[in-house]
Amino acid sequence: MRPGYRQFCAIARALDLLGQRWTLLIVRELALRGPLSAAAIARGLPDVPMNQLYERLTLLEARGIVATREETRFSRVYEMTEAGHELEDVLGALARFGLGRLEEDAEPGDAVLAHVLMAQLELRFDAARARAEGFAGRFQLELADPHALWSVEPGIPAPARWALLAGPDGLRARAGACLDADASLRASVDACVCLVAGDSQAALEIEVEGDEALALGLLELLGAPASAQVAAA
């Protein structure tokens, strides 16, 4: 007998394929960082049991969601197939649904991964796109305590500087310094977490240097009120 929900329903069939623990987070890692080795995927999934990771990867490969290719004679990498890329809209919808609920049941020990945090900043901006029409700017975000982030590179801390590029296509966050930035923002990881979680007071903990009005505009679009006072760097 075929396991699963055994219903002629598109949602049930999708859950048959993807509903097991860790499966969608594996897809998230490949969508945001791939192609990746199994070890690299594991570094983006704190606490994942390696036997479950390999089991899920085997199932995803069998179902045509991921494919593998040999990187060296002793290792191989996993990457999204065309069918796997179709899941990116699903991941986006789930992220948008969860974005407004990040504060609910939050635990102090929750791992904060830099690439996930920045992807959620992009989502915050995208949620305000109707108000963001015509807004553009180049920003450098410097994290005061990058060691508070979970690093996906063994022995190497997470990036401390991020380029935030806002324009008609939304906000794009990239690791590294931002050349010719209109404004620089300095914040703790906790302040960024609060901003992503929708805490309107998060801007109070962010230092700004450069075009303060433009920086306040960005923070407003990310959920902080325009009246918030930021500290001058």
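Helix 2 and helix 4 (50-62) are among the elements that cover the buried residues of helix 1, where contact means heavy atoms within 4.5 Å. In helix 1 (residues 10-18), Ala 12, Asp 16 and Leu 18 are buried, that is, under 20% relative accessible area with a 1.4 Å probe and protein chains only, exposed being over 50% and partly exposed in between. The model is predicted, so local features need pLDDT of at least 70 and side-chain atom pairs count only at pLDDT 80 or more, while totals for chains, interfaces and linings use all residues. Residues are numbered from 1 along each chain as its sequence is written, and side-chain values use heavy atoms, with hydrogens and water left out. Helices (H or I, at least four residues) and strands (E, at least two) are DSSP runs, numbered from the N terminus.

**Arg 56**

- Arg 56 lies in helix 4 and is buried, with a relative accessible area of 8%.
- Leaving aside neighbours within four places in sequence, Arg 56 is in contact with Gln 20, Arg 21, Thr 23 and Ile 26.

**Helix 2 and helix 6**

- The axes of helix 2 (residues 23-33) and helix 6 (residues 88-99) cross at roughly 110° and come within 11 Å; axes are lines fitted to C-alpha atoms, for helices over the stretch in contact, with angles from 0 to 180 degrees between N-to-C directions.
- Helix 2 is therefore roughly perpendicular to helix 6 (65 to 115 degrees; under 35 is roughly parallel, over 145 roughly antiparallel, the rest oblique).
- From helix 2, Leu 24, Val 27, Arg 28 and Ala 31 meet Glu 88, Leu 91 and Leu 94 of helix 6.
- By class, this contact has 5 nonpolar, no polar and 2 charged residues (Ala, Val, Leu, Ile, Met, Phe, Trp, Tyr, Cys and Pro count as nonpolar, Asp, Glu, Lys and Arg as charged, the others, Gly among them, as polar).

**Aromatic rings**

- The structure holds 2 aromatic pairs (rings of Phe, Tyr and Trp, its six-membered ring, with centres within 6.5 Å; planes under 30 degrees apart are stacked, over 60 edge-to-face, the rest tilted).
- Phe 125 and Phe 135 form a tilted pair, 6.2 Å centre to centre with 50° between the planes.
- Phe 125 is in helix 7 (residues 114-127) and Phe 135 in the loop between helix 7 and strand 3 (137-143), so this pair ties together parts 10 residues apart in sequence.
- Phe 135 and Phe 139 are stacked, because their ring centres are 6.3 Å apart and their planes at 5°.
- Phe 125, Phe 135 and Phe 139 form one aromatic cluster.
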